[in-house]
Amino acid sequence: MKVGSWNEWDPLKHVIVGRADGTMVQAPEPAVVRDWPEHGFPRGTYGPLPEEMTAAANEQLDNFTRVLEERGIRVDRPRPLDFSRPVATPEWSQRSMFGAMPVRDVLVVIGNELLEATMSFRSRWFEYLAHRPLIESYFRTDPGMRWEAAPKPRLTEASYRPGFWEEYDALPHEAQIARVRAGELVLTEAEPLFDAADIARCGKDLFVQRSLATNAAGIRWLRQHLPEHRVHGVTFGNAHPMHIDATWVPLRPGLVLHCAERPAEEELLQHLKVNDWQVIHAAVPGREAPPPLSACSRWLSMNVLVLDPGTVCVEASETAQMEQLDRLGFEVVPVPFWDVAPFGGGLHCATLDVHREGVLEDYFP
Ligand code: ARG
């Protein structure tokens, strides 16, 4: 048993795969207000995702687990909480939690350190508890593991721009993109905030997206916390940026998959170019839209999990994406996964790399 991983592609030995049990359409909160009237959850309402959907998602998650185990990868699963319970801190209360599916959002492993993210939604404040039984067991069995948690955020009204969503939703697309580039989204800079899924790991270089879940103070905290790394704060031309792994997905040294609909900054492209990295535009997804009750986009098609530099898991119906990766020389492992999307994401979101072989390298010398 060892905690250790430096990048998104070294040979995967041990992984956590999330569970769909009890996932909620969360109650409204300053960071997010769901509004899905045509699927039973109009604005202001909340509640568990339908049972049939939960069962279908769990079946795909269990199958994914088997696929990984058959390849000799150890798989652990979180212990879901009763996410329908209201939660509170001394400064606020929230009528529901969310779930235990996207493990990627909550935790990140960088070298021998397992770091718990701050998170920035009140409904997700306690999500780390679903993973604590596993983290505690890793800490007991791996003497070399560093266990860290970023400062617990307060998430008071001061952490959110008042009236943000009404104002933002009314803006034309160009103006929204300008706000994204300027980092003027729902989160203020009152305290460091980040979701772990806004981080893409490439050895010494970490690319961290400023988003609806990650602010500049969160990136600054990561930079101070990881002095041996180059932490690049990045944005993309995406009006609803949330987690980097359906936008910018490193596949192996020298190759990153990028969503062309969400342009990268020139500075980032230059950084890759001078280091001979290739940026490939991901294949167009097979579907027009994600399934109902999903907050994600159809670009989950590129949310792939690399098993080693020559092998990649891809959603089984995304044939164009599979063919593109096949042409790039990967063995492609098809995994049916679209039923999991309403629970928070795709194959990369659903997982956390606990251990990948390999050492810290500088891929941008
Ligand atoms: N917001 C992304 C999109 O819809 C999905 C990323 C989900 N990633 C995650 N780790 N939960 O394009």
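Let me begin with the ligand: of the 15 residues around it, those that come nearest are A197, H243, A246, S297 and C349, where a residue counts as near if its C-beta atom, placed from the backbone, lies within 6 Å of the molecule. By class, this shell has 8 nonpolar, 4 polar and 3 charged residues; Ala, Val, Leu, Ile, Met, Phe, Trp, Tyr, Cys and Pro count as nonpolar, Asp, Glu, Lys and Arg as charged, and the others, Gly among them, as polar.

The model is predicted: local features need pLDDT of at least 70, side-chain atom pairs count only at pLDDT 80 or more, and totals for chains, interfaces and linings use all residues. Residues are numbered from 1 along each chain as its sequence is written.

I turn now to helix α1, residues 51-70, helices being DSSP runs of H or I with at least four residues and strands runs of E with at least two, numbered from the N terminus. T54, A57, Q60, L61, F64 and L68 of α1 are buried, that is, 20 or more other C-beta atoms lie within 10 Å of their own, while exposed means 12 or fewer. Seen down the axis of α1, these buried residues fall within an arc of 130°, so they line one face of the helix; the arc is that of the directions from the axis to the C-beta atoms. They pack against β1 (12-17), β4 (74-76) and β18 (331-335). The face turned away from this buried side carries the exposed residues E51, E52, A55, R66 and E70. After α1 comes G72, with a positive phi near 85°.

Terms used
The expected span of a helix is 1.5 Å times one less than its number of residues. Two residues are in contact if their C-beta atoms, placed from the backbone, lie within 7 Å.
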